[in-house]
Amino acid sequence: MVEIHNKGHIGYEPHKQNYSDASYGEIEEQSPNSDILSPFERIFCHYCDSKKCPCCLYEVNHYYNYGLSRRKMTICTDCYSEIYSNDRNITSEIVTEAFTRICETITASATFWNNHGDRQRVNYFVAVQNAFDMNPEVRAYLGENCKIDKNLKGLWSFTYAIINGQDHGIKVLNKDPDDLLLGVDYK
């Protein structure tokens, strides 16, 4: 899960390719085509807004609106290195474990409150704080000195995955980022 933040770039223009001249399944005589002989097309990096060669670009997820929304961005290798060279070595196993621990904490909290006759609502950021306090994987992913709230950009990819994924049995009861409430889907 990758997090990108805007650096003053407002517009988003995806690279579009024209396939209208393609002849699928047809074999025709090869003739010189000016498109084939022209130099390769350059694409803009959405982070630094400069033209780059297609081989120097990554397509990454950009999370915004406190993790409630996502779009694809194309960034160059220089910007990718600038964004992700934060001197922290986080493996995919740590990210996966942190996400799993947060989901387990949400599910356990909702189940606990439901078994005691109360509403099965769980505040997302309280559950993340509990997972942070109990699990070294969550602390390793988010960092030891962080304030867990809607502004924590390292949490936005998890927020998006939890809100838009149904595979963990968690349902959204209130999508307001100031009062993000979750529950357990008992099906």
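In the predicted model, helix α4, which spans residues 124–134, has Tyr124, Phe125, Ala127, Val128, Ala131 and Phe132 as buried residues. These residues lie on the same side of α4, because the arc that they cover around the axis is only 155 degrees. The N-terminal end of this helix is capped by Asn123, a side-chain oxygen of which lies 2.9 Å from the backbone nitrogen of Phe125.

Across the whole structure, a search for aromatic pairs returns 6. One of them is formed by Tyr124 and Phe125, whose rings are arranged edge-to-face, with 5.0 Å from centre to centre and 65 degrees between the planes; both of these residues are buried. Elsewhere, Phe99, Tyr141 and Phe158 are linked by ring pairs into a cluster.

The loop between β3 (57–64) and β4 (69–76) contains Asn65, and Tyr66 likewise lies in the loop between these two strands. For Asn65, phi is near 55 degrees, a positive value in a residue other than glycine, while Tyr66, also not a glycine, has a positive phi of about 60 degrees. Such values stand out because most residues other than glycine have a negative phi. Both positions are classed as partly exposed, the relative accessible area being 40% for Asn65 and 28% for Tyr66.

Key: Residues are numbered from 1 along each chain as its sequence is written. This is a predicted model: local features need pLDDT of at least 70, side-chain atom pairs count only at pLDDT 80 or more; totals for chains, interfaces and linings use all residues. Side-chain values use heavy atoms; hydrogens and water are left out. Rings of Phe, Tyr and Trp (its six-membered ring) pair if their centres lie within 6.5 Å; planes under 30 degrees apart count as stacked, over 60 as edge-to-face and the rest as tilted. Buried means under 20% relative accessible area, exposed over 50%, partly exposed in between (1.4 Å probe, protein chains only). Helices (H or I, at least four residues) and strands (E, at least two) are DSSP runs, numbered from the N terminus. The arc is that of the directions from the helix axis to the C-beta atoms. A polar contact is a pair of N or O atoms within 3.5 Å; within protein, one must be able to donate a hydrogen and the other to accept it, and residues adjacent in sequence count only if both atoms are side-chain atoms.
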